Amino acid sequence: MRILFHPAIALMNRLGYTKKFALLGLLFLIAITVLTYSLFNSLSSIIQNSQRQLESVALIEPISRAVRNIQLHRGFSAALLGGNETMRDRLAAKEKLAADSFDALEQRLPASLKTGQDWRSIVTDWHSVQKDGLNWTAAENFATHTRLIQYLLHFEIVQTWDTKIDMFHLIDITAYRL
């Protein structure tokens, strides 16, 4: 062990007390600086991850509301296309409700998500349902609504996905299973 520390011992033997304390203080300062920098980077990463998670969790409620309203729209569309003409007014009300919840969701999305391919395909499907949905057969209308709902649920899962398995399961239970 003495051989390993021989250079340090030789250096310390040549220095006076003032220089020894200055050298030890410098080594201490370097060690504290490295630890502080490491702690700062670690905390910064945790803070950024937590902020991203909070933004994702905040999207769960508007996405769920949009899914619920589109499901209602799907049901009333199926009833109307199935021949129940008394549903036309109720369908219009549900379409307005679904459109409002869809617009509210879009307002809450960050700009980076609005420009993504997933969101664009969701918007395209929603607009085609609104525009042409009643001109399709009941099966086509139902299938398109179902695909739109699946896209929204997938979008919700992707946005709330966390690389930590425990956090993923917590969000999964809170948002989907309950």
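Predicted model: local features only at pLDDT ≥ 70, side-chain atom pairs only at ≥ 80, totals over all residues.
Student: What is the chain built from, helices or strands?

Tutor: Seven helices and zero strands. Read from the N terminus, the order is α-α-α-α-α-α-α.

Student: How do you know whether the protein chain is a compact globule?

Tutor: Set its radius of gyration against the rule for a globule. With 178 residues, a compact globule would come out near 16 Å, but this chain has 30 Å. The box around its C-alpha atoms is roughly 100 × 30 × 25 Å along the principal axes. As for burial, 26% of the 178 residues count as buried.

Student: And which share of the contacts joins residues at least 24 apart?

Tutor: That share is 63%, counted among contacts between residues at least 6 apart in sequence.

Student: Okay, on to the rings. Why is the pair of Phe 102 and Trp 119 called stacked?

Tutor: A pair of aromatic rings is described by the distance of the centres and the angle of the planes. The centres of Phe 102 and Trp 119 are 5.2 Å apart, within the 6.5 Å needed for a pair. Their planes are at 15°, which is under 30 degrees, so the pair is stacked.

Student: Where in the chain do Phe 102 and Trp 119 sit?

Tutor: Phe 102 is in helix α3 (residues 88-108) and Trp 119 in helix α5 (residues 117-132). They are 17 residues apart, so to speak a link between distant parts of the chain. The structure holds three aromatic pairs, and ring pairs join Phe 102, Trp 119, Trp 126 and Phe 155 into a cluster.

Student: How do you know whether Phe 102 and Trp 119 are buried or exposed?

Tutor: Buried means under 20% relative accessible area. Phe 102 has 1%, so Phe 102 is buried. Trp 119 also comes to 1%, so Trp 119 is buried.

Student: What makes Lys 114 partly exposed?

Tutor: Its relative accessible area is 31%, which lies between the 20% and 50% cut-offs, so Lys 114 is partly exposed. Lys 114 belongs to helix α4 (residues 111-114). Beyond four places in sequence, Lys 114 touches Glu 106, Gln 107, Leu 109, Trp 119 and Arg 120. A polar atom of the Lys 114 side chain lies 3.2 Å from the backbone oxygen of Glu 106.

Student: How do you know that Lys 20 sits over a ring, and which ring is it?

Tutor: The ring is that of Tyr 17, and the charged end of Lys 20 is 5.3 Å from its centre. That distance is within the 6 Å cut-off.

Student: Why is Asn 141 called buried?

Tutor: Asn 141 has 1% relative accessibility, under the 20% limit, so the word buried applies. Asn 141 is in helix α6 (residues 138-160). Its contacts, leaving aside neighbours within four places, are Ser 77, Leu 81, Gly 133, Leu 134 and Trp 136.

Student: What makes the link between Asn 141 and His 145 a polar contact?

Tutor: The two side chains are joined at 2.8 Å, and the cut-off is within 3.5 Å.

Conventions
Residues numbered from 1 in each chain as written. Heavy atoms only, no water. Phe/Tyr/Trp six-rings, centres within 6.5 Å; stacked < 30°, edge-to-face > 60°. Helix = DSSP H or I, 4+ residues; strand = E, 2+ residues; numbered from the N terminus. Buried < 20%, exposed > 50% of the residue type's maximum accessible area, 1.4 Å probe, protein only. Lys NZ or Arg CZ within 6 Å of the ring centre and 35° of its normal. Polar contact = N/O pair within 3.5 Å; in protein donor to acceptor, adjacent residues only side chain to side chain. Contact = heavy atoms within 4.5 Å. Rg over C-alpha atoms; globule rule 2.2 N^0.38 Å.
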